[in-house]
Amino acid sequence: MSKSKTSTVFNIIGNGTRLYIQNLFTLSAPVVAPVLGMFLGIFLMILPVYLLPKFYPMWTNIFPWLKEFFAILTIVFVCILPGLIVFKLAFWNYMLKVVSLNAMVGDIVKRKVLKSHQHYTQIIALRTKDYILMLTIWALIILMGLTLPASIFLFDIEPVFLPYLFIGFEFLAAFLLIILSVYLSLSFQVFAFETSFGPMQTLEESFKLVLNNFWRLVMLILALAIITTILVPQIFVFLADILMLKNTLAIPFKNLLENIFENYNELYNSLQTLPIFTYDSQQKFILETSKCFSISIISTLISLLMLPLGSCYFTLFYFDTKKRLISQKEETKEIENTSKNKSKKAKKNNV
């Protein structure tokens, strides 16, 4: 019986990169709107922070009741609410693309007729309840893992040792959760291709597929992280620096920080007391911090837009692990059949 052809991690990285470049605009188009929507939502939440200190004192002179704590909270909530709504809608749309892009890549690999990206998103949206439940289960596992070390405070332990034990157990929990996340990282591909699976079955299938492919997947994740969070973003940061875009993006943050320090003078004095604070003037701190913000925006934007590259890598890896699983089952079946035939022959010879 012929074995299915499998791929190495390097084959998957090479083929996935080629697939991504060949279909760059087709695969990137679905993520542009949600990524820009998330940035717009963040901007709409930050804008009130810049504007409120300018207008709030004037409002309190006219309406003294605005100085009350509940009134302040209400004003802040109302001001950032539009940004929260925009961010929430864009983020959920992005999360739908995390799954739907796998289906698109699957059709490209299988040389099927590619449909519009709305078609793939709508199919995933029809299973919203299962998708949310799967993400909730995953989030609860992580939350429980991170909060479990706090249970040591319930035991009668010397207070001097408690902080060290808590930090140690927290690091251990984080390490174990990272390993578990690797095992569950194919859940999005399983959800996209195994449409009959429920949330728990999807997570279990991911665990089963990764079980004998853990280190291969770790290598793939590391390669993807290096490409999408370091190499490619730094190229765009370098280009933005040459084109003076980095300084231009820093202007709004520079104005925002200047406005914050102007209205909250004690904030800079508090920052100066920190051991990691190395700036010799407020102006230098504002300038360098603003540039860091602009670099972070460029890097984050590029990383989010490169979601289709991850879809290419993980989808090819998913197909490869399925082939390997089928091959293992076939080999096991062949061995069982061979052993049965040998035992039958042995029985005949004995007779």
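Let's start in helix α12, where Phe285, Ile286, Thr289, Ser290, Ser294, Ile298, Ser299 and Ile302 are buried. Buried here means under 20% relative accessible area, while exposed means over 50% and partly exposed lies in between, with a 1.4 Å probe and protein chains only. Helices are DSSP runs of H or I with at least four residues, strands are runs of E with at least two, and both are numbered from the N terminus. Please keep in mind that this is a predicted model: local features need pLDDT of at least 70, side-chain atom pairs count only at pLDDT 80 or more, and totals for chains, interfaces and linings use all residues. Residues are numbered from 1 along each chain as its sequence is written, and side-chain values use heavy atoms, with hydrogens and water left out.

Helix α12 covers residues 282-305, which makes 24 residues. From its first C-alpha to its last it reaches 34 Å, close to the expected 34 Å; that expectation is 1.5 Å times one less than the number of residues. Within this helix you will find Thr289, which counts as buried because its relative accessibility is 15%. A polar atom of the Thr289 side chain lies 2.6 Å from the backbone oxygen of Phe285.

Now let's turn to charged residues. Side chains of opposite charge can pair when their charged atoms come close. A salt bridge is taken to be a side-chain nitrogen of Lys or Arg within 4 Å of a carboxyl oxygen of Asp or Glu, and by this rule the count comes to five. One of them joins the side chains of Lys322 and Glu194, at 3.2 Å from N to O. Lys322 belongs to helix α13 (residues 307-350) and Glu194 to the loop between α7 (187-193) and α8 (199-210), so this pair ties together parts that are 128 residues apart in sequence. Glu194 counts as buried because its relative accessibility is 18%, whereas Lys322, with a relative accessible area of 23%, is partly exposed.

Where does the next pair sit? Lys208 and Glu205 are three residues apart in helix α8, so about one helical turn separates them. Their salt bridge has its closest N and O atoms 3.3 Å apart. Lys208 is partly exposed, with a relative accessible area of 41%, while Glu205 is buried at 8% relative accessibility. Glu205 also forms a salt bridge with Lys322, where the closest N and O atoms are 3.7 Å apart. That pair links distant parts of the chain, with Glu205 in helix α8 and Lys322 in helix α13, 117 residues apart. Through shared partners, salt bridges join Glu194, Glu205, Lys208 and Lys322 into one network.

Arg111 is not a glycine, yet it has a positive phi of about 55°. You can find Arg111 in the loop between α3 (69-109) and α4 (117-125), and it counts as exposed because its relative accessibility is 77%. Met244, also a residue other than glycine, has a positive phi near 65°. Met244 is placed in the loop between α9 (214-242) and α10 (245-263), and at 47% relative accessibility it counts as partly exposed.

Technical notes:
A polar contact is a pair of N or O atoms within 3.5 Å; within protein, one must be able to donate a hydrogen and the other to accept it, and residues adjacent in sequence count only if both atoms are side-chain atoms.
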